[in-house]
Amino acid sequence: MSEVRSGPRVLVVEDEAQIRYALRRYLESNGYQVREAEDGATALREFELFKPDVMLLDLMLPDMGGVDIVRELRQTHETPIVVLSAMGDERTKVSALDEGADDYLTKPVGMEELLARLRVALRHGTRSSGKDARISIGELVVDVDRRLVTLQGNEVHLTPTEYALLKYLAVHAGKVLTHTMILREVWGAGYTDTAVLRTAMNQLRAKLDVDGAKPLIRTEPRIGYRLLDEA
Amino acid sequence: MKDVNENSLAGVLVSAAATGLLVLGLHPFRSDLGLANVGFLFLLLTLIIASYWGRRVGLFEAVVANLAFNFFFIDPVYRFTVDEPRNALALVVFLVVSVISGTLISMAREAATAARARQAETEVALALSRAMSGHMEPRRALESLCREVVAAFDAPGAAVLTPGGSWTVLAWAGDPAAAREPSNEETQLMSEALARHGPVGFGHTGLGRRRRIVPPKGRTLPQRERDVALVPLMVGDEVQGVLRLDGPIGASPFRHEPMRLLSAVASEAAVAVQRAQLGQAAAHAEALREADELKTALMASISHDLKTPLAAIKAAITSILDRNIAWTQEDMVAFHETIDSQADRLNRVISDILDLNRIEAGTLTPDETPVRVLELLQDARDVTAFETRGRVVTVEAPPELRVLADESLIRQALVNLIENAAKYSTHDAEIQLKARIQGNEALITVQDEGPGIAPEDLPYVFERFYRAEEHSRRVKGSGLGLTIVKGFVELSGGKVRVESSPAGTRFSISLPLATPVGATV
């Protein structure tokens, strides 16, 4: 269990000492460089000092809410944030995602799953920082310049709404997009009717449902959708 | 027009007597007076009688006066025959005039009576709606309605009853007997009144259909049951209840025609009953909603409290189970300690929930024995050593001080108070556990150096799930701890109080001394 000092940097923000310890030891054993913070103020300070590649954030902190931390960081940073929360605060979870968190994990969570989500978040972090005109996710290719979508090499015809929806999901592949975020991006600010979103999503899924193709869009119950990025 | 019926026998007797007296008085001066004057005097008597006893007695008097006039004053006297056609005509004219004027005068009188009754009705109706609208609470409104009814009819009592499994009195006024549960006979009559959609009465209430009740053999009905009227209260076709008016009715303007007023009263009452029942349903719905909210709060709070230790256990176990990592001995110990202490924590949360459940279900029977307070405080301190790590916990109590209490309940209450003090105070802060005698009681205090509780929050600290707004996120806990403290202390025959300032919070538990004051060392 050599600790590779050049691995991705992760900031673990968690106020439960024993959970924090397990997280740190497990992540270090998997090659991450870990810094800990037990409250929001420390988290913000460590963020500036440590410049992590990804942040693991508990939503219930002694001094401030995780949502406030996400909001504050998002004003200046694009660093992927994975929130950790217990079942009781689902609404908080959604607002953290709305504020720009990339993913969420519900406690209790197994370490392997946590590691997998961190990997996805890190990948997403590198992708959205670049300006890709062509996004490939497995067999799906979205050519933004030519406004062309292909699946297994065959062109998929999409309405403007379906295309906007898919493009938004693809640009943020791997990241959970809440209903609010998708509605705001695709339909415009002030749009709140999730039924419209569900209908468009069903049509898009039907068009992407080709023999032999894996389902690409996952529903996150009561929260939103995510384009899987596990290739 | 039955307003004068009852006394018509008296009227008849009086008019016969008056006619006799008039005959006796006038007869000696028969020749001097002249027939016309005598006739006018008889006519005057007829009018007086008619105006006083009404049309029927008036008619009777007109005929009697006519006969007496004929018999005693018109030739041939002492005979009912009339010699002169002139006199026959006078007699006929006299009869017609007396009948017509008697009728007119009695009608005017009846009209005046009716007008008075209407005016009184209007006044009562006005008073009624004023009394009803003065109350937001439908039950109070119905009570004042009953009072108005009692006053209007000068009756002994009135009540509004509502149907259900059995009839229950919703509101009443007058004699306390008015609040009685309905007898079997009354229940029967109420069903009858509802079936005919109209009032049923018996005895001397003078209301609705009269019925005579036959008392069961060997039993006389009490007065109340003999005089009662039952008026159905309907909104549309829906039965809202019954207005029960106890008799007998006194001297009231409505005595002779009570139905108009009663139906007005009944419709007002029906609406009020409906309102009362809707209010009850709304209160019930509100209670359900509150219970539901409470359940939601409980679920949110408990799920967090259960999930957090589970999360720590899961993190430790999945770390241990990962075969790709060769953990150091130090790591393994830490993971196992995590699992152990978090399992304890989980156990405490579950115990809290069960404790609260037992308090609320009332299944906890305290076992009160003399308990040495110093030991109790030391025990509580030792049990909470983990929660209070980093804080200084001091214990100060007279060694011989004993209280009469359920040891395990009070120990748990103290543990909860110490944990609470630890949660709200910072590292290095002091938590003082003290006990002393105050009057006939022992006073045990748990004092912290935390930020204190805001005065507006202070009254609610013992309520379930209550956590001061500013701490709701900062401090993790079920929000049940202090509720359990209060429940346990009170079950054990003690009292718990809280005082707070920005310098800290002090919870005091007072418990009865196990030995009288003089006997303690």
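1. Basis of the note. Because the model is predicted, local features need pLDDT of at least 70 and side-chain atom pairs count only at pLDDT 80 or more, while totals for chains, interfaces and linings use all residues. Residues are numbered from 1 along each chain as its sequence is written, chains are lettered from A and ligands numbered from 1 in the order in which they are written, and side-chain values use heavy atoms, with hydrogens and water left out.

2. Chain A. This chain has eight helices and twelve strands, taken as DSSP runs numbered from the N terminus (helices H or I, at least four residues; strands E, at least two). Of its 231 residues, 55% are buried, where buried means under 20% relative accessible area, exposed over 50% and partly exposed in between, with a 1.4 Å probe and protein chains only.

3. Chain B. Here there are 13 helices and 13 strands, and buried residues make up 43% of the 521 residues. Among contacts (heavy atoms within 4.5 Å) between residues of chain B at least 6 apart in sequence, 68% join residues at least 24 apart. The accessible surface of chain B is about 26800 Å², with 58% belonging to carbon and sulfur atoms.

4. The largest nonpolar core. A nonpolar core is a set of buried Ala, Val, Leu, Ile, Met, Phe, Trp, Tyr and Cys residues joined through side-chain atoms within 4.5 Å. The largest one has 42 residues, of which B:Leu377, B:Leu414, B:Ile444, B:Val446 and B:Ile509 touch the most other members. Elements of chain B giving two or more residues to this core include α11 (373-383), β9 (402-406), α12 (407-423) and β10 (430-438), and the largest share, nine residues, comes from α12(B). Leaving aside residues up to four places away in sequence, B:Leu414 touches B:Leu376, B:Leu377, B:Ala380, B:Ile444, B:Val446 and B:Ile509. Another core, of 34 residues, lies apart from it and has B:Ala120, B:Phe153, B:Leu262 and B:Ala270 among its members.

5. Helix α7 of chain B. The 13 residues of this helix (184-196) reach 19 Å from the first C-alpha to the last, close to the 18 Å expected at 1.5 Å a residue, the expected span being 1.5 Å times one less than the number of residues. Its buried residues include B:Glu185, B:Glu186 and B:Leu189, and the helix is followed by B:His197, whose phi is positive, near 55°.

6. Aromatic pairs. The whole structure holds 13 aromatic pairs over all chains; rings of Phe, Tyr and Trp (its six-membered ring) pair if their centres lie within 6.5 Å, and planes under 30 degrees apart count as stacked, over 60 as edge-to-face and the rest as tilted. The pair of B:Phe71 and B:Phe72 is edge-to-face, because the centres are 5.1 Å apart and the planes stand at 85°; B:Phe71 is partly exposed at 23% relative accessible area, and B:Phe72 is partly exposed at 26%. B:Phe462 and B:Phe507 also form an edge-to-face pair, at 6.0 Å centre to centre and 75° between the planes. B:Phe462 lies in the loop between β11 (441-447) and α13 (481-491) of chain B and B:Phe507 in strand β13 (residues 504-512), so this pair ties together parts that are 45 residues apart in sequence. Both B:Phe462 and B:Phe507 are buried.

Definitions and conventions
Areas by Shrake-Rupley, 256 points an atom, 1.4 Å probe, with all protein chains shown as cover.
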